[in-house]
Amino acid sequence: MQELNGLTTLRRRIIQYEQGARAAVTDPMAVTAAEELLAQAPQLDLEAAAVLAWFYWYLRLEVTEHAHEEATGTAVRLFFRVRDLDPDAVLPPLMEQQYAARRAARELDTALAAALARDASHRRDPDAMYWAIAVLTEAEVLAIEAGAHAERVVYRCLRGHQLCAVYELLGRAEDLDRAVADLSNAVLHAPGDPATAAVMHGYLGRAYLRRHQLQGRPEDLEEALAELRQAHLGLAPLGPDEPEWLVPTQNLGAALLLAGHYEEAAAVLRRLLTVHPQDSPEAAQTHHMLAGACRALYLGHHRRQDLDDCVLSLRAAYGTSLSAPGAAGMGAEVAQLLAAALLDLYRVDGEGRYLEEAGRTVRECLEREDRTAARMRLLVRRSEVHYAAYHHTGDRDELDAAIATADEILLEAAADADASRSVQWESAIGPTLAQALCERFRLEPDPNDLDLAVEMAQDGVEWSAEDGRSVADCASQLLVLGYALTLRGEASGSPSDMDHAVEAFDEALDLLPADSPLRARTHAELGNALRARAAISGDVGDLDASIAAYREAVAADADHFALTGFATARLDRFLRRGGRADLDEAVTLSRGAAQAAPEHEQHTALHLAGIALRLRFDHFGDLRDLDEAIETGGQSVRAIPPRHTLRPAYLSNLALAHSSHFHELAPPLDLDGSFSMSADETDVLTYDIDTSIDLLREAVDTVPVGHRYRPGLLANLADALAARFSATSRWADHRAALTSVVDALEECPTGRPERAQLLYLRARLLLKGAEAHPARPRQPTGRPPPKRCGRPLRRRRLPPCCG
């Protein structure tokens, strides 16, 4: 009777719950009645088992934590008993699936379980994978009930491995956490067979690796490395031909790469490449990882072989991505990495073919790629390639293309609804855009370019600090900021900008370790900033500090950039103090820079050497210096690309050297201010001044109206024409000289110091014309005209194009 009353009570409670009274199943009287009936579980008939099963099924929905687990387990056992007693009994849908899994599990052994899991993983069908997980769960329960400990461990391990595979397919973090828990338990109770234990370690290492990649926790990476190393050691006897060896080894290579063990990672990945079929997606993925290890080694040690290996691996991976359907998805990522590595090769060798290959690779990939993130990465590389090509060729179109591509990236980033992604792309393109804007300012001085460059560089410094980037990356951002501030400070005469530039470089030096290869470049940039600050403040102490900074840079890495800056600083100090030693050292350093520079960049140092040699002749009068200045200047003009934006400066300075040579060799002037000589002697004499005029005319024709170089070029051209007029008395030269000065005055903005010199030159030319064509006869004074003899005075020329 008591049992009947209990069943009646529970039936009533179930009906009430189904009608919405949720407290009906949690009432203490009902729970007590259920527990009393449950105590008779072995003797329960079908009706009692069914009532209890539904009661506990509903109770589990209303309780939490431990009580929920107990209610769920009880409901499962009771529903299974109901179905065993009545195959047609109705169960909840979830119980139908679980009962089917239990029935399938009864027919499993460990070998069939492994086959079930393997088949589900290969099919990559989430339903099949979850079904395998359910069957393995029931198989573990049955093994526990049967006391089969070894089988239980295998079933739990297979379930954890299957959960990890589900995570890789669907990306659900809870599946990954369950996988780590199951596999950790299985490894803890691993059997004595070394091979089976090694496989379990490999499964657990894979799960830890995936969780580190998802959440970034260092402890997960440490665990992954420990497990995968143990797996690799245990599976070593199998050899690379066995499938059980391959996957853990691949994961070990990935973990080593993430942990920064690049040498070990490269060794493991190279061994994997001996196993994977050539041009297979697996080989492409391994080449991709190997390239990452090699590039990291190159950045750390600057070994050329590491960079070559990186490029070879990326070329192989990129080729496979074009031909193997299974590898097509990685094409954009590999392409942008290949472009970055080719840029590194270009910086080492200076060969334009690397820029051409990088540009072609990015262009090809952009034509096929429609994924936003992939396109943005490729656009970042395209801008970097254009910027490098500008420095290689001096082609203004390349600089404009670099800026246009950066603008395209910023427009797309601004349209992105995800603010974090927008910041990511602005941060990626910021350094290139800032530097490109600085270069454009040097050609066309628009203050807006410099203001935007400084803003982008400041943002880059802030983002790198917030993102916790590497020391080298933070220092690189500071170098870009310092460069932009230096240029703006020079242009505006702002002491504040110059102070902040010096601070940026000092901060970069504080960040960089003593053995960092970036320190040499940072010292050189600091030297530039101090030299520019000295020009503004007149503080010779800054100039001395600049030379000390360059000396540090050259001691660490005597590259052409540091040597050229060092030579410029010594030249500036000579002009300030007049010490012969500084001028001599400027000549020596610029010669060294020309020898150290790659062929495509030698023209900068040659140009500087030509200026220094001409100055040494002007001050100390050794004609051999002037001859060498002409030779060196000619080499710089021949070396610089035809469309290079600095070519007019080179032409102008070579013209000044030829003009100095003309004045040095000219005979004394006659009393009328001209030269007395035969036609043949005149041709010989005017060779240098003719050459100077031709060079200056070429320079003027190259520079568009409105360019800041033009007034100085026109003034130098007028001065050269006036000198030839003195030698030949050709009035066409006098008229052309006067026209050049007038044009220069029209194009020279009011307030520029050059205007005073231009006005003086115009007055001199007008006076020369008045003397030759007097308006009326002069009255005799009774005094003879003053006698003019000796070499003509050297006239001061405008130095607008010293480069």
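Predicted model: local features only at pLDDT ≥ 70, side-chain atom pairs only at ≥ 80, totals over all residues.
Reader: Why is Asp688 called buried?

Author: Asp688 has a relative accessible area of 7%, and buried means under 20%, so the residue is counted as buried. Its place is in helix α32, which covers residues 687–702.

Reader: What does Asp688 touch, leaving out residues up to four places away in sequence?

Author: With those residues not counted, Asp688 touches Ile630, His658, His661, Phe662 and Leu665.

Reader: What makes the pairing of the Asp688 and His661 side chains a polar contact?

Author: The two side chains are joined at 2.5 Å, and the cut-off for such a pair of N or O atoms is within 3.5 Å, so the term applies by definition.

Reader: Why is Arg295 called partly exposed?

Author: The relative accessibility of Arg295 is 25%, and because partly exposed covers what lies between under 20% (buried) and over 50% (exposed), Arg295 counts as partly exposed. This arginine is found in helix α14, residues 281–301.

Reader: Which residues does Arg295 touch, and which side chain does a polar contact join to that of Arg295?

Author: Not counting residues up to four places away in sequence, Arg295 touches Cys310, Ala340, Ala341 and Asp344, and a polar contact of 2.7 Å joins the side chains of Arg295 and Asp344. Arg60, by contrast, is 235 residues apart from Arg295 in sequence and 56 Å apart in space, C-alpha to C-alpha.

Reader: How do you know that α28 is roughly antiparallel to α29?

Author: The axes of helix α28 (residues 602–620) and helix α29 (residues 623–639) come within 8 Å and cross at roughly 160°. Angles over 145 degrees count as roughly antiparallel, which means that α28 is described as roughly antiparallel to α29. The crossing in which α28 passes α29 is left-handed.

Reader: Which residues of α28 and α29 meet?

Author: From α28, the residues include His603, Leu606, Gly610, Leu613 and Phe617, and among those they meet in α29 are Leu623, Leu626, Ala629, Thr632 and Ala639.

Reader: Which residues touch the most other members of the largest nonpolar core?

Author: Of its 122 residues, these are Leu314, Leu342, Leu378, Leu399, Ile409, Cys438 and Leu526. Leaving aside neighbours within four places in sequence, Leu399 is in contact with Tyr387, Tyr390, Ala436, Glu439, Arg440 and Leu443. A second, separate core has 41 residues, including Val700, Ala737, Leu745 and Leu761.

Key: Residues numbered from 1 in each chain as written. Heavy atoms only, no water. Core = buried A, V, L, I, M, F, W, Y, C linked by side-chain atoms within 4.5 Å. Buried < 20%, exposed > 50% of the residue type's maximum accessible area, 1.4 Å probe, protein only. Contact = heavy atoms within 4.5 Å. Helix = DSSP H or I, 4+ residues; strand = E, 2+ residues; numbered from the N terminus. Polar contact = N/O pair within 3.5 Å; in protein donor to acceptor, adjacent residues only side chain to side chain. Axes fitted to C-alpha atoms, helices over the stretch in contact; angles between N-to-C directions. Parallel < 35°, antiparallel > 145°, perpendicular 65-115°, else oblique. Left-handed = near helix turned anticlockwise from the far one by under 90°.
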